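The stops below proceed from the whole chain to individual side chains.

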Amino acid sequence: LYIDPEECIDCEACVAECPVEAIFHESAVPEPWRGFVALNAEMAPLCPPVTERRERAGHRTLHRLEQQ
């Protein structure tokens, strides 16, 4: 998943939605990951945009087990 910096409006809504806390505002990217900012900018235009919410992998299986 890439966030297109040209499309991003800097609302930071995606930060709270990331289940693994891997999204940061560009000004707050930790030093070890700053090299990924350029990679993100390069790759984002090449990927289709996410337009709907989907369940995380494994979530449905866990949900089914809880219901049994």
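The tour begins with conventions and then moves through selections.

This is a predicted model, in which local features need pLDDT of at least 70 and side-chain atom pairs count only at pLDDT 80 or more, while totals for chains, interfaces and linings use all residues. Residues are numbered from 1 along each chain as its sequence is written, and side-chain values use heavy atoms, with hydrogens and water left out.

Next, switch to a surface. The chain has an accessible surface of about 6,400 Å², with 55% belonging to carbon and sulfur atoms; areas follow the Shrake-Rupley method with a 1.4 Å probe, and for residues only the protein chains shown count as cover. Of its 68 residues, 6% count as buried (under 20% relative accessible area; exposed is over 50%, partly exposed in between).

Now select Tyr2, Phe24, Trp33, Phe36 and Leu39, which make a nonpolar surface patch of about 490 Å². Patch members have over 30% relative accessible area and no salt bridge, and nonpolar side chains are joined within 5 Å (a salt bridge is a Lys or Arg side-chain nitrogen within 4 Å of an Asp or Glu carboxyl oxygen). Phe36 lies in helix α2, residues 35–43.

Finally, select the cysteines. The whole structure holds zero disulfides (cysteine sulfur pairs within 2.5 Å). For Cys8, the nearest cysteine sulfur, that of Cys14, is 6.0 Å away. Cys8 is partly exposed at 32% relative accessible area, and Cys47 is partly exposed at 32%.

Notes
Patch = residues over 30% accessible without salt bridge, like charges linked within 9 Å, V, L, I, M, F, W, Y side chains within 5 Å. Helix = DSSP H or I, 4+ residues; strand = E, 2+ residues; numbered from the N terminus. Buried < 20%, exposed > 50% of the residue type's maximum accessible area, 1.4 Å probe, protein only.
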